[in-house]
Amino acid sequence: MLDKQSPIGIIDSGIGGYSVARRMQRLLPHEDFLYLGDGANTPYGNHSAPEILSMTRRLLRFMEVRRVKALVIACNTISCVAEQLSGALECPVLNVLHSGAQAAARLELEQVGVISTCFTAQSGCYGERIRRLSPNTQVISRGCPDLAELIERYIDQPGGEVLIDRAIQESLAGLEEVRHLLLACTHYPLAEDRFRRLYPDRVWIDPAEELAACVKHFLAENNLLNPSPGLGHMEICTTGSARDYARKAEKAGLRQITCVRHLAV
């Protein structure tokens with residue numbers, strides 16, 4: 001049986017899920033969160049589908065042991081193969097792909113650009129999902145080979161802005177006429193200030209806002225909201241560097257962090 005006091009689990013290939021976690025902390029301030037980033041294998045977008053599934057199942061086993069009351073897949077690449085993970089957990093699973101497609105479709109645009117990892121772009125999952133919800137919307141997908149990894153490594157490093165800016169400009173080359181762009185990799189909103197500074201005339205869509213609202217709606221509908229009056233806490237685990245994750249969590253704006261620790265999954 002699911003427990004109101006149990007944490008909400010969040011998994012990602014790296015620190016990208018921080019962009020989802022901070023939205024959820026703002027919208028659900030009384031909830032506890034358990035974050036797991038697979039820093040040892042990031043970015044997932046550079047792996048094959050069987051590798052992604054194998055790595056994700058290890059993350060799911062960890063969350064199952066911790067008995068989270070809901071799991072949020074805050075990684076677009078994992079979300080593209082989420083249907084193959086059906087039944088892997090007893091608790092409900094919500095993913096960023098579904099929310100991102102909903103956010104874009106709700107605008108009923110003539111055209112939307114989807115920038116993501118190469119795996120997500122090649123899978124065609126966003127185009128299929130958006131057109132299912134908004135048949136008249138033209139979806140232009142663009143895979144960015146290095147952008148997620150650069151954000152993961154250099155978002156808080158001196159001089160990192162130059163590398164990230166260059167990658168953003170290379171990624172958006174040829175999309176000059178596309179006004180609305182969906183940030184279909186959760187790493188990208190961590191550098192949203194860079195996107196907005198370089199392209200102030202574009203409209204950027206962040207799926208994290210929609211996903212946080214979906215999680216809140218689910219918990220409320222199923223009487224699983226934490227009744228505690230105090231602020232919830234966040235525990236962060238990573239297969240990578242705990243020190244690195246702690247530093248970047250602060251930069252991302254996460255709060256009420258009880259611990260950041262290395263985990264051998």
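Tutor: We'll take salt bridges, then a cavity. This is a predicted model: local features need pLDDT of at least 70, side-chain atom pairs count only at pLDDT 80 or more, and totals for chains, interfaces and linings use all residues. Residues are numbered from 1 along each chain as its sequence is written, and side-chain values use heavy atoms, with hydrogens and water left out.

Student: How many salt bridges?

Tutor: The count is 15. A salt bridge is a side-chain nitrogen of Lys or Arg within 4 Å of a carboxyl oxygen of Asp or Glu.

Student: What does Arg66 pair with?

Tutor: Glu235, at 2.9 Å, N to O. The pair links distant parts of the chain, 169 residues apart: Arg66 sits in helix α2 and Glu235 in strand β9. Helices (H or I, at least four residues) and strands (E, at least two) are DSSP runs, numbered from the N terminus.

Student: Glu235, buried or exposed?

Tutor: Buried, at 15% relative accessible area. Arg66 is partly exposed at 31%. Buried means under 20%, exposed over 50%, partly exposed in between (1.4 Å probe, protein chains only).

Student: And Arg194, what's its partner?

Tutor: Asp165, with the closest N and O atoms 2.8 Å apart. Arg194 lies in helix α9 and Asp165 in helix α8, so the pair ties together parts 29 residues apart in sequence. Arg194 is buried at 15%, and Asp165 is buried at 9%.

Student: Switching topic. Which residues lie nearest the centre of the largest cavity?

Tutor: Ser13, Cys75, Thr77, Thr117 and Cys185, out of 13 lining residues. On a 1 Å grid over the protein atoms alone, a cavity is a set of points where a 1.4 Å probe fits but cannot get out; lining residues have an atom within 4 Å of a point.

Conventions. On a 1 Å grid over the protein atoms alone, a cavity is a set of points where a 1.4 Å probe fits but cannot get out, and a pocket is an open set with protein on both sides within 12 Å along at least five of seven lines; lining residues have an atom within 4 Å of a point.
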